[in-house]
Amino acid sequence: MGRKFDIHYLLDFLPKLLSYLHITLFIVAASILLGLVVGFIIALPRLYKIPVLQRASQVYVSFFRGTPILIQLFLIYYGLPELLKLVHIDVSRANVLVFVILAYALHSGAFISEAIRAAVNGVDRGQVEAAYAIGMSGYQAFTRIVLPQALAISIPILANLVIGNLKDTSLAFTLGAMEMTGKSQTLASATQHFIETYIALSLIYFVISTILERTFHYLERRLLRHEKQVAEPAVRYGKRRLWKRTLITRLEKGG
Amino acid sequence: MSLDPGFIWTAFLSLFKALPNTLYITIVSVFVGFIIGTAIALIRIYRIPVLYPLASAYVLFIRGTPMLMHLLLIYFGLPIIIDGLASALGLGFNSTVIPLIGFAYISFSITAGAYMSEVVRAGILSVNRGQMEAAYSIGMTTPQALRRIVLPQALAVCLPNLSNNLIGMLHGSTLAFTVSVVEINAQAQIVAATNWKFLEAYIAAAVLFWGMTILIEQATAWLERRINKYNRGGVA
């Protein structure tokens, strides 16, 4: 199993793997952006309590939270072409990345919809009432008052989701997508230096997720600047912490 | 659409063969992970000298890298270490004695340990300081107070998080197929490839996982209600 450990290979593999970093990041960015759209569509029926759709979105969220991402990847890879065949669209020549991004988008869409729901519910009810009182329409109140505040609340959860998504993309190689992990597989089996490859790959993932974490932390502090001006900072902070705790309980993925 | 509904049921039944492996991996990794996590959490809360930075680095690294990396690093790295030690010390065995599922146990326990430590730490920190002081004032030692007073309460607080972790590890166990352990995902691949019916096999696997997840969620909700009984307000 493999050859003797050789540090030179590690240094040699780092740039080779880094040249595939943009594909990994592209998967993450595209799936999170798509996931935000999906999440919004899924969250709205539950926020406004629309009868039948509310139930449907519950089932959607339950399914995507209740099955492993690996299974979802395969389901979409094999299932989507069959579904599209019904409407006479041939996707057999489509790039595998399309399926990968779609799978991650649907998966993170479920988590994002929960985050949006929790964050919107986390905005004080009085804010919406005040918006209505000065004559805003429902749409105006949502986009101008609720959304900016909800965004700030949801940043820590979103950060968790993005980092989780980054780590999940390491599974895309199972469909044959050529991102960092896919490249590492070919590098490792070509040179038989498995351990060096995976150490290099882990280092890259570690650095990227640390950078992401720092960025989101900074973003959160910026978006919550206004909170500092509130009279009783200790009380406000405590309230926010409580929210954070309940949110993260529902949203953090182990592993 | 060329979907064969009957085969979903056939595949579903054959997946049960692999269910024990999935459950073993999940239970072992969560159980060992919980022990590691509690130790790490205590080290970090009490800031025990040398161990504190090590524990922090461990949690930071594991949480910053994908679970697949841990599995592959253990799978390819551990044999090198064991074989090196065995030949250096002249022990009579080598890494081939470790069963494949052993690698999954070890690496997923390490993964779970890091995530659990955060959960347990949050739980312990959420217990009121007065509880610890009250325990000291009636003459308990720190280990006694921790074991009898703080940890039971912390456990109740972090139950939802623990269940989330359990579900995460259940879903994570699908990765074990990369080191050729036949758990549900691997079994689905086998069934799919031998019958050339991929979609049906994965639908069956998804349904099985969905069912197990809902079961865990329901059990947690029930347990939460029970555990928090002492905690309700009122007089009766």
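Tutor: Residues are numbered from 1 along each chain as its sequence is written, and chains are lettered from A in the order in which they are written. In this predicted model local features need pLDDT of at least 70, side-chain atom pairs count only at pLDDT 80 or more, and totals for chains, interfaces and linings use all residues, while side-chain values use heavy atoms, with hydrogens and water left out.

Student: What makes the span of helix α2 of chain A agree with its number of residues?

Tutor: A helix here is a DSSP run of H or I of at least four residues, numbered from the N terminus, and its expected span is 1.5 Å times one less than its number of residues. The 27 residues of α2 (residues 21-47) of chain A should therefore span 39 Å, and the end C-alpha atoms are 37 Å apart, which agrees. Just after α2(A), Lys49(A) takes a positive phi of about 50°.

Student: How do you know how many residues of chain A are in contact with chain B?

Tutor: With contact meaning heavy atoms within 4.5 Å, 41 residues of chain A are in contact with 44 residues of chain B.

Student: What is the count of salt bridges between chain A and chain B?

Tutor: A salt bridge needs a side-chain nitrogen of Lys or Arg within 4 Å of a carboxyl oxygen of Asp or Glu, and by that rule the count between chain A and chain B is 0. Among the helices of chain A that each supply at least two residues of the side touching chain B are α3 (51-66) and α9 (194-223).

Student: Which part of chain A is listed as "domain: ABC transmembrane type-1"?

Tutor: The unreviewed UniProt entry lists residues 21-216 of chain A under that name, though such annotations may be inferred rather than shown by experiment. In the model this span is 83% helix and 0% strand (a strand being a DSSP run of E of at least two residues).
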